[in-house]
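Visitor: I'd like to know where the labels on a model like this come from. Could you take me through them one by one?

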Amino acid sequence: MPSKQGQYSSIAARFPVWLRQLPNGDSPSLYYEYTAFAHDSLENSLSSGLPEGVAEFLIEMNNKLDSILGMLSFEDLCKAFPTEVHCSEVGGSGVNFTSDIPFEDGAYVEAVLVLCRIPLRLAGAVGKLAKIPGASQDATESNWRLNFTRIREKDLETVIRFVIQEERRIIRQKKWD
């Protein structure tokens, strides 16, 4: 799947995606994960001067608090991104989804991908919608492709890690079947 970011593998997946429509592709993003910077600085500051066990305990406690705060703020996320759709395929260049909500072909949306609920793993991106030709399983639904036009490096890395993790899980499952 070619895109501005490059060519990425994609996999079949099923998870919620929250959308909000944008007037154009240059509109500012609402979703932003603030904890990425806090983790890096916390690990660096704790690794110097504290006993190893204490530093590991504090980092683990910080991760648990982040999970709790993530679950508490999930309701606010749902309010800011009022449209929920379900992903059918995901990759580093975009997602495919099915929706009974009529979208405009070529419209820009901001999306938050809920890759995992516990621990909460999210990725945000801005993209352009393209209707996928062909009938859906349900006559009231349409198939759509969200091609990422703007995605932060951290969010892209989160999506790619998810794809790799799922590919590994599928390979292991096939190996043992």
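Guide: Phe 57 is found in helix H2. A word on the source: this is a predicted model, where local features need pLDDT of at least 70, side-chain atom pairs count only at pLDDT 80 or more, and totals for chains, interfaces and linings use all residues. Residues are numbered from 1 along each chain as its sequence is written, and side-chain values use heavy atoms, with hydrogens and water left out.

Visitor: Why is Phe 74 called buried?

Guide: Buried means under 20% relative accessible area, exposed over 50% and partly exposed in between, with a 1.4 Å probe and protein chains only. Phe 74 has 11% relative accessibility, so it counts as buried. This residue also belongs to helix H2, which covers residues 52–80.

Visitor: What does Phe 74 touch, leaving out residues up to four places away in sequence?

Guide: Contact means heavy atoms within 4.5 Å, and on that basis Phe 74 touches Trp 18, Val 114, Arg 117 and Leu 120. Arg 117 is 43 residues away along the chain, yet the two C-alpha atoms are separated by 9.6 Å.

Visitor: Is Asp 155 buried or exposed?

Guide: Buried: its relative accessibility is 2%. Asp 155 sits in helix H3 (residues 153–176). Beyond four places in sequence, Asp 155 touches Tyr 31, Leu 122, Ala 123 and Gly 124.

Visitor: What makes the pair Asp 155 and Arg 152 a polar contact?

Guide: A polar contact needs a pair of N or O atoms within 3.5 Å; within protein, one must be able to donate a hydrogen and the other to accept it, and residues adjacent in sequence count only if both atoms are side-chain atoms. The side chains of Asp 155 and Arg 152 come in at 3.0 Å, and the pair is listed as a polar contact.

Visitor: How do you know that S3 and S4 pair?

Guide: Two strands pair if DSSP finds at least two bridges between them. Strand S3 (residues 83–91) and S4 have five, in the antiparallel sense. They form a hairpin with two residues between them. Val 90 has Val 95 in S4 as its bridge partner.

Visitor: What joins S4 to S7?

Guide: Six bridges, with the strands antiparallel and S7 spanning residues 142–151. Val 95 has Leu 146 in S7 as its bridge partner.

Visitor: Why is S4 called largely enclosed?

Guide: Because five of the six residues of strand S4 (residues 94–99) are buried.

Technical notes:
Helices (H or I, at least four residues) and strands (E, at least two) are DSSP runs, numbered from the N terminus.
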